[in-house]
Amino acid sequence: MSFAISGAPDPAVGAGNVTWSITGSNLGSDTSGPITVTVPLPGTVTYVSGTGSGWTCSGTTTITCTRAALASGAPYPTLSIVTKISAQVSSGTLTVGGSIGQTTVGDPVAANDSATTSVTVNPVIAALARCGA
């Protein structure tokens, strides 16, 4: 399995939403078992939704998303996890990471089963200034 995560928009705005897109594939030589993605959320965001073809997500502070097995060499459908930034966050960096796993077959490259990414958070006023408001 492989796991990559990115966040958008970047920069984000305090009290706004960030969509974390998770991609990857089954790098093993066999069909995987059921797949689980785990994304612990920092206390500065709240979970809004998790969507993607075949994915089912649940949780509040740690989001767990699952889907059926995946054929060898196949990419899994993009998983999108939407979070809302706390209104108290007006600037800084927001970092989110996660991991993927399955228990049925061996993983030839376990080192790529987790990743982190960051987005910059700007104050709402700076975002309005860029828009010409």
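Me: Helices (H or I, at least four residues) and strands (E, at least two) are DSSP runs, numbered from the N terminus. In which strand is Thr83 found?

Reply: This is a predicted model, in which local features need pLDDT of at least 70, side-chain atom pairs count only at pLDDT 80 or more, and totals for chains, interfaces and linings use all residues. Residues are numbered from 1 along each chain as its sequence is written, and side-chain values use heavy atoms, with hydrogens and water left out. The strand that holds Thr83 covers residues 79-85 and is E8.

Me: Is Thr83 buried or exposed?

Reply: Relative accessible area decides the class: under 20% is buried, over 50% exposed, and in between partly exposed (1.4 Å probe, protein chains only). Thr83 has a relative accessibility of 0%, and therefore counts as buried.

Me: With which side chain does that of Thr83 make a polar contact?

Reply: Leaving aside neighbours within four places in sequence, Thr83 is in contact (heavy atoms within 4.5 Å) with residues including Asn17, Trp20, Leu41 and Thr46. A polar contact is a pair of N or O atoms within 3.5 Å; within protein, one must be able to donate a hydrogen and the other to accept it, and residues adjacent in sequence count only if both atoms are side-chain atoms. At 2.9 Å, the side-chain partner of Thr83 is Trp20.

Me: What is the bridge partner of Ile35 in E7?

Reply: The open sheet of six strands has mixed pairing and the order E2-E10-E9-E4-E7-E6; two strands pair if DSSP finds at least two bridges between them. Its edge strands, E2 (12-13) and E6 (56-58), each pair on one side only. Strand E4 (residues 35-40) pairs with strand E7 (residues 62-67) in the antiparallel sense over six bridges. In E7, Ile35 has as its bridge partner Arg67.

Me: Over the face of which residue does Arg67 lie?

Reply: A charge sits over a ring if NZ of Lys or CZ of Arg is within 6 Å of the ring centre and within 35 degrees of the ring normal. Arg67 is placed at 5.8 Å from the ring centre of Trp55. Trp55 is itself buried, with a relative accessible area of 8%.

Me: How many residues apart in sequence are the parts that the pair of Trp55 and Tyr76 ties together?

Reply: The structure holds one aromatic pair, where rings of Phe, Tyr and Trp (its six-membered ring) pair if their centres lie within 6.5 Å, and planes under 30 degrees apart count as stacked, over 60 as edge-to-face and the rest as tilted. Trp55 and Tyr76 are edge-to-face, 5.7 Å centre to centre with 80° between the planes. Trp55 lies in the loop between strand E5 (45-51) and E6, and Tyr76 in the loop between E7 and E8, so the parts tied together have a separation in residues of 21.

Me: Is the disulfide of Cys57 and Cys65 right-handed or left-handed?

Reply: A disulfide is a pair of cysteine sulfur atoms within 2.5 Å, and those of Cys57 and Cys65 are 2.1 Å apart. Cys57 and Cys65 are buried. The torsion about their S-S bond is about 115°, so the disulfide is right-handed.

Me: What is the omega of the peptide bond from Asp10 to Pro11?

Reply: Most peptide bonds are trans. The bond from Ala8 to Pro9 is cis, with omega near 5°, and Pro11 lies in the loop between E1 and E2. The peptide bond from Asp10 to Pro11 is cis, with omega near 15°.
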